[in-house]
Amino acid sequence: MNKLIGMLLAGVFVLAQHGVQAQVSDHATLLNVHALGAESAAVKASRDFWQRAGDQKAEQWYKAPAGYEAEYAEGPVKGLYWYDKKGRWIYSVLTYGEDQLPEDVRRVVRTNYYDFNIGWVKQVNEAQNTVYVVHIENNTEWKDVAVQEGETRVLNEFCK
């Protein structure tokens, strides 16, 4: 049941991510780490972010009606971390290429979809669930495949 919930969450997060980013840019306030202030929720969120992602990420903070968002880019990896109004971590999404994909996940995708090339990966972390959404494509179609604990499921599938 946890696997199904995790895969469904990954699909929802990936599909809704563009909408969330648009909402954040329209209704959020860009902050820097010093402008977060001494508000306990902001301090809690920033400490959690530094614990999860590390410091010196040159992250950008946004204050939104639903809470806080931290965003950074470090080389080929882009990270988005969401926190509620109380500064509690909700989930994070890391976007990267095939080179950063864990070997066991890469092997599962390559074994099941050997005729496809891996384009990008979104690693969705939520509570105790980690789901990898892998975008694959060949000459005739592309797919978004969710991989969790060695199992795969097609989220989207389109012909070119």
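So, the hairpin first: β7 connects to β8 through 3 residues. Keep in mind that this is a predicted model. The two strands run antiparallel, with 6 bridges between β7 and β8, and β8 covers residues 141–148. If you want a spot to look at on screen, find E137, which stands opposite W142 in β8.

Now the other side of the story, β6. That strand spans residues 117–126, and it's joined to β7 by 9 bridges, again antiparallel. Here I118 stands opposite I136 in β7. β6 and β7 also make a hairpin, with 2 residues between the strands, and A127 there takes a positive phi near 45°.

So why do I call β7 largely enclosed by the rest of the structure? Because 7 of its 9 residues, in the stretch 129–137, are buried.

Okay, on to the rings. There are 8 aromatic pairs in the structure. One of them is F49 with W61, edge-to-face, 5.7 Å centre to centre and 75° between the planes. F49 is in helix α2, residues 40–53, while W61 is in strand β2, residues 60–64, so this pair ties together parts that are 12 residues apart in sequence. Both F49 and W61 are buried. They also belong to one aromatic cluster, along with Y72, Y81 and Y83.

R52 has its charged end over the ring of W89, 3.7 Å from the centre.

Note on methods: Residues are numbered from 1 along each chain as its sequence is written. This is a predicted model: local features need pLDDT of at least 70, side-chain atom pairs count only at pLDDT 80 or more; totals for chains, interfaces and linings use all residues. Side-chain values use heavy atoms; hydrogens and water are left out. Buried means under 20% relative accessible area, exposed over 50%, partly exposed in between (1.4 Å probe, protein chains only). Helices (H or I, at least four residues) and strands (E, at least two) are DSSP runs, numbered from the N terminus. Two strands pair if DSSP finds at least two bridges between them. Rings of Phe, Tyr and Trp (its six-membered ring) pair if their centres lie within 6.5 Å; planes under 30 degrees apart count as stacked, over 60 as edge-to-face and the rest as tilted. A charge sits over a ring if NZ of Lys or CZ of Arg is within 6 Å of the ring centre and within 35 degrees of the ring normal.
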